[in-house]
Amino acid sequence: MSPRFELHLFRVERIGNAVLLRLPDATFGVVDWGTPRNEPLDRLLELVQGSCLRFVAATHAHADHTLGIPRLLAACHAQKIPIDRFVYPASTLHKPESHLTRARHQAKDLNIPMSAAGTDEFEGPDGYRAPPWLAWGTDWEVRVLAPAMMDVADAEIDALKQKIVPGNETSLVLLCRFMAATGDPGNGRILLPGDATPATLSSALKTAERFPALTLDNQAFVVPHHGSSKNLPEWIDPLLHGLILVSAPTDSPHHPAPSTLERLARRGHNPAGARLFCTSYAQACRKAYGPGVGGRLVQPGPCFGDLTVEVPLSGPAIFQSSTAQGQRRRRFGYCGNVAP
């Protein structure tokens, strides 16, 4: 089998993210686990059994991205699945009830190494410091492109003053890539921005520009902040060359935003097969196209549900499977209805 990344985006019901990455060496990594549902955790344990988790990363401290991490760590320990390290961008130790704080307690109790992750903008003796890696092989890597640790420090102090956990401005932006990828732009690359703000995404862009081999072009993109209209800068559109994935809550009136869906639908429209996939049927789609157009639209709930996509060393990303029949709704939603 040719080298590939495999991305599993799980439906969370409530707003949040839960991503499992199968890495090219058949090990795994987790990016957020904001769900208490049994089904995603059972599926993760099934997939990872006999291998290991190179990392568990919380992109930021909000509960909808960290709620299930303590249980995830405990379940992997019980199943004897090794976890190399647990990373996060900002501390929440001043909020003992924070799910990230609870996850850090769990990691310490289970002897899982943990640390903050981010990038620095200052120069050292060897020039700019390279952004940290979460996992790597001979020809692939998972890198942190943002935020800068100085920005995280500012956000931590502001959050402490307000007695809240640090927010989306601290969200990790992760790039998975094959170093030897060639051909069309974005080949062999996945971009995972968590809930990054436009400022944090711009920080990631600056990091990529400092290293000639890096770019934010990608074949698979998980839309930041569940399709919010405020977190997706216009400059990122030309960098989206493959599958566009939205982790959305069931029947939310706010996420994803209609404007975001329509914009991404135009970007993702492809006569050979639409490329925009959403875990849950958005109220925006229902309001625009109705819950029973032509009698062919099923009851409210998940659209595609859990999604699995493959990003090979070369060539386009491949939609592998979903747990719900989103195809029955696609023709009535923004994701398949908008031509360029």
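Biologist: How does α1 pass α3, in a left-handed or a right-handed crossing?

Modeller: Keep in mind that this is a predicted model. In it, α1 crosses α3 in a right-handed way. For the geometry, take the axis of α1 (residues 38-48) and that of α3: they come within 11 Å and cross at roughly 35°.

Biologist: And which residues of α1 and α3 make the contact?

Modeller: On the α1 side you'll find N38, L41, L44 and L45, and on the α3 side R71, L72, A75 and C76. Sort the residues of this contact by class and you get 6 nonpolar, 1 polar and 1 charged.

Biologist: Let's move on to α3 and α4. At what angle do their axes cross?

Modeller: Roughly 20°, with the axes of α3 (residues 69-78) and α4 (residues 99-109) coming within 8 Å. Angles under 35 degrees count as roughly parallel, so α3 is roughly parallel to α4. The crossing of this pair is right-handed.

Biologist: Which residues of α3 meet which residues of α4?

Modeller: From α3, look at I69, P70, L73 and A74; they meet H99, R102, A103, Q106 and A107 of α4. By class, that contact has 6 nonpolar, 2 polar and 1 charged residues.

Biologist: Now for the empty space. What's the general idea there?

Modeller: You roll a probe the size of a water molecule over the atoms, and that shows where empty space is left.

Biologist: How many cavities of 30 Å³ or more does the count come to here?

Modeller: The count is 2.

Biologist: Which residues line the largest cavity?

Modeller: Its lining is made of L261, L276, C278, S280, Y281, A282, C285, C303, R329, R330, G333 and C335. Class by class, the lining of the largest cavity has 8 nonpolar, 2 polar and 2 charged residues.

Biologist: Which helix and which strand each supply at least two residues of that lining?

Modeller: Those are strand β15 (276-278) and helix α9 (327-330), each giving at least two residues to the lining of the largest cavity.

Key. Residues are numbered from 1 along each chain as its sequence is written. This is a predicted model: local features need pLDDT of at least 70, side-chain atom pairs count only at pLDDT 80 or more; totals for chains, interfaces and linings use all residues. Side-chain values use heavy atoms; hydrogens and water are left out. On a 1 Å grid over the protein atoms alone, a cavity is a set of points where a 1.4 Å probe fits but cannot get out, and a pocket is an open set with protein on both sides within 12 Å along at least five of seven lines; lining residues have an atom within 4 Å of a point. Grid points are joined across faces, edges and corners, and a volume is the space filled by probe spheres set on the points. Helices (H or I, at least four residues) and strands (E, at least two) are DSSP runs, numbered from the N terminus. Ala, Val, Leu, Ile, Met, Phe, Trp, Tyr, Cys and Pro count as nonpolar, Asp, Glu, Lys and Arg as charged, and the others, Gly among them, as polar. Axes are lines fitted to C-alpha atoms, for helices over the stretch in contact, and angles run from 0 to 180 degrees between N-to-C directions. Angles under 35 degrees count as roughly parallel, over 145 as roughly antiparallel, 65 to 115 as roughly perpendicular and the rest as oblique. A crossing is left-handed if the near helix is turned anticlockwise from the far one by less than a right angle, and right-handed if clockwise. Contact means heavy atoms within 4.5 Å.
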